[in-house]
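Work through the two exercises below with the sequence and the model in view, and try each task before reading its solution.

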Amino acid sequence: MDTSAKVIFLEQCGKNQGYRDTDIRGFRPDDGVCLPSGPEVIQSEVSMKAVSKRVAIEGVEVVYSRDAGRYLCDYTYYLSLHHGNGHAALIHVPPLSCWFSARLLGKALQVIIRAMLEESGNTQA
């Protein structure tokens, strides 16, 4: 990701197959599959598309995504969605930089998480 980018991706789903690369410790799921008997795709119960349309953060673009990539993030997200029965979220954030400060990231995450709670029906957000 471009270090000057101010784009946050809200991932809608995790995918079960297609994991070809190993992680830093050399792990790769057998046959590139998270759960051999699991569904191909698991959707989050939170509509990330609705959240991405709802939130407005000055200087930050919030984008809906259906592909977290076939690496550690998607693998972990798929398993989280599976074990949580769809109650999980994955927010891809850019690295901190002189263009994207920790303060801005914190503000953005606060707005996004509040919108996710509202979208999921949690009225105590």
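**Exercise 1.** Decide whether Phe27 is buried, partly exposed or exposed.

**Solution.** Phe27 has a relative accessible area of 41%. Buried means under 20% relative accessible area and exposed over 50%, with partly exposed in between (1.4 Å probe, protein chains only), so Phe27 counts as partly exposed. This is a predicted model, in which local features need pLDDT of at least 70 and side-chain atom pairs count only at pLDDT 80 or more, while totals for chains, interfaces and linings use all residues. Residues are numbered from 1 along each chain as its sequence is written, and side-chain values use heavy atoms, with hydrogens and water left out.

**Exercise 2.** Find the aromatic pairs and state how the rings are arranged in each.

**Solution.** Rings of Phe, Tyr and Trp (its six-membered ring) pair if their centres lie within 6.5 Å, and planes under 30 degrees apart count as stacked, over 60 as edge-to-face and the rest as tilted. A search of the whole structure gives two such pairs. In one, the ring centres of Tyr19 and Tyr75 are 5.9 Å apart with planes at 80°, so the pair is edge-to-face. Tyr19 lies in the loop between strand E2 (13-15) and strand E3 (41-43), whereas Tyr75 belongs to helix H2 (residues 72-83), 56 residues apart; helices (H or I, at least four residues) and strands (E, at least two) are DSSP runs, numbered from the N terminus. Both Tyr19 and Tyr75 are buried. Phe27 and Tyr75 also pair edge-to-face, at 5.8 Å centre to centre and 65° between the planes. Tyr19, Phe27 and Tyr75 therefore form one aromatic cluster.
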